[in-house]
Amino acid sequence: MTFSTLRSAGIFLSCLLFIFLLTSCGPDRLDDYSDESFELVNQDGESVTFPDDFRGSPLVVGFIYTNCPDICSFITANVRKIYNADTYPEGTQFALITFDPERDRPGVLKSYAAAFEMDRAPFHFLTGPPDEIETLMNRVNIRKAVSSEQTTDSGESIYFLSHSDKILLIDSQSRLVFDYGGSMTPVDIVAEDLGKL
Amino acid sequence: MKAFTGIFFTFTALLLLASCQQESNNQADDELMQGEGIEVSDAWARPGAEGRMSAAYFLVSNFNDEDDVLTNVEADAAQTAEVHESYEREEGMMGMRAVPQLDVPAQSSVRFEQGGLHVMLMDLTRQLSEGDTFQLTLTFQSGDSVSVDVPVRL
């Protein structure tokens, strides 16, 4: 056995040990929101402080705007399917926060929630003052930009947004544990990870 | 040696995946040979609130010997319906663009699916919830027109 073979074997075993240590430590915390506090409003017009009001419960949170026909309805449906999977810890809460607060006022979110049959606990559709939402989106790394504008057949001017596509899992101490592509990640993977919290 | 073994297994896995994909495509082609004219199948749409948005998805198949072009879409549950396409603009950023005309080549099919091609339904005239249906009509350059009932589901 040559020296280089021994060295390769050593590197290989070191990598295995490193991977083992990583996987044996449970989910890493990607970020910590416990010192943050954002004053939001839910679909019923009630004040909600994020993430403080969810502390003590795992939280599944997606980011949407209701004038988005494809990706955001996909994210919303995925959050509902994670709930339907019924593998989450007791008390888990499910939130969808708009990054288009100018148009997505509480009444709009309530109608949107009703269409998805999610206008009920444990679902929360959240909006807020535009500057507060902007600060929150920056904090959770959600980006958006106006991509196009057009006029509908009824004469209404409407704009569309390019945006980040995310679902986050936040633990009961307001720490970010998992970060997924909101529309693309298979629901069963999110549901399985949620069961680890 | 280990690197070679790793590459070998990765290559084998990719070959297996590719052969599965080929088999799937062949199945679609076999199905394609069994139809005639232009057909729309597997249609469904997302829930949406009145006055807001939804999206419809389906498989459109052109069994004719001539290429065709989808030129217009209409839905009886929306003021405006248009073909749009979602795409990844840059890492993690999803955008959407209009597709005013869509080629549907002879003896082939085009799938409208989440995160890709879809019929955008704007200004819904009624709430669409799971279990509801509405009618979608697709018009082609050839003059053919196809109407389908679209169920709403998650």
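This is a predicted model: local features need pLDDT of at least 70, side-chain atom pairs count only at pLDDT 80 or more; totals for chains, interfaces and linings use all residues.

**Entry: a proline in a loop**

I started at A:Pro122 and, leaving aside its neighbours within four places in sequence, I found it in contact with A:Thr92, A:Gln93 and A:Phe94. For contact I used C-beta atoms, placed from the backbone, that lie within 7 Å of each other. A:Pro122 sits in the loop between H3 and S6 of chain A. My helices (H or I, at least four residues) and strands (E, at least two) are DSSP runs, numbered from the N terminus.

Buried or exposed, or partly exposed? I looked up A:Pro122. A:Pro122 is partly exposed, because 15 other C-beta atoms lie within 10 Å. The cut-offs: a residue is buried if 20 or more other C-beta atoms lie within 10 Å of its own, exposed if 12 or fewer, and partly exposed in between, with C-beta atoms placed from the backbone.

I also noted that the peptide bond joining A:Ala121 and A:Pro122 is cis, with omega at about 5°. For a distance check I took A:Asp32: A:Pro122 is 90 residues from it in sequence and 23 Å from it in space, C-alpha to C-alpha.

Residues are numbered from 1 along each chain as its sequence is written, and chains are lettered from A and ligands numbered from 1 in the order in which they are written.

**Entry: another cis bond**

I found a cis peptide bond between A:Phe50 and A:Pro51 too, with omega at about 0°. A:Pro51 belongs to the loop between strand S3 (47–50) and strand S4 (59–64) of chain A.

**Entry: helix H3 of chain A**

Which residues of helix H3 (residues 106–115) of chain A are buried? I listed A:Val108, A:Leu109, A:Tyr112, A:Ala113 and A:Ala115. They cover an arc of only 155° around the axis, so they lie on the same side of H3(A). The arc is that of the directions from the helix axis to the C-beta atoms. Among what covers these buried residues are strand S5 (93–98) and strand S6 (123–127) of chain A. Just after H3(A), A:Glu117 takes a positive phi of about 55°.

**Entry: positive phi elsewhere**

A:Asp86 is not a glycine, yet has a positive phi of about 60°. I placed A:Asp86 in the loop between H2 and S5 of chain A. A:Asp86 counts as exposed because 7 other C-beta atoms lie within 10 Å.

In chain B, B:Gln107 is not a glycine either, and has a positive phi of about 55°. B:Gln107 lies in the loop between strand S6 (102–104) and strand S7 (108–112) of chain B. It is partly exposed, with 15 C-beta neighbours inside 10 Å.

**Entry: H2 against H5 in chain A**

How do helix H2 (residues 71–85) and helix H5 (residues 187–194) of chain A cross? Their axes come within 9 Å and cross at roughly 55°. That makes H2(A) oblique to H5(A). Axes are lines fitted to C-alpha atoms, for helices over the stretch in contact, and angles run from 0 to 180 degrees between N-to-C directions. Under 35 degrees counts as roughly parallel, over 145 as roughly antiparallel, 65 to 115 as roughly perpendicular and the rest as oblique.

From H2(A), A:Asn78, A:Lys81, A:Ile82 and A:Ala85 meet A:Val187, A:Asp188, A:Val190, A:Ala191 and A:Leu194 of H5(A). By class, the residues of this contact are 6 nonpolar, 1 polar and 2 charged. Ala, Val, Leu, Ile, Met, Phe, Trp, Tyr, Cys and Pro count as nonpolar, Asp, Glu, Lys and Arg as charged, and the others, Gly among them, as polar.

**Entry: where the chains touch**

I counted 31 residues of chain B in contact with 32 residues of chain A. On the chain B side, strands S2 (54–62), S4 (78–90), S5 (93–98) and S8 (117–124) are the elements that give two or more residues. S8(B) gives the most, with 5 residues.

**Entry: whole chains**

Chain A has 5 helices and 10 strands, and 42% of its 197 residues count as buried. Chain B has 1 helix and 10 strands, and 27% of its 154 residues count as buried.

How values were computed:
Two residues are in contact if their C-beta atoms, placed from the backbone, lie within 7 Å.
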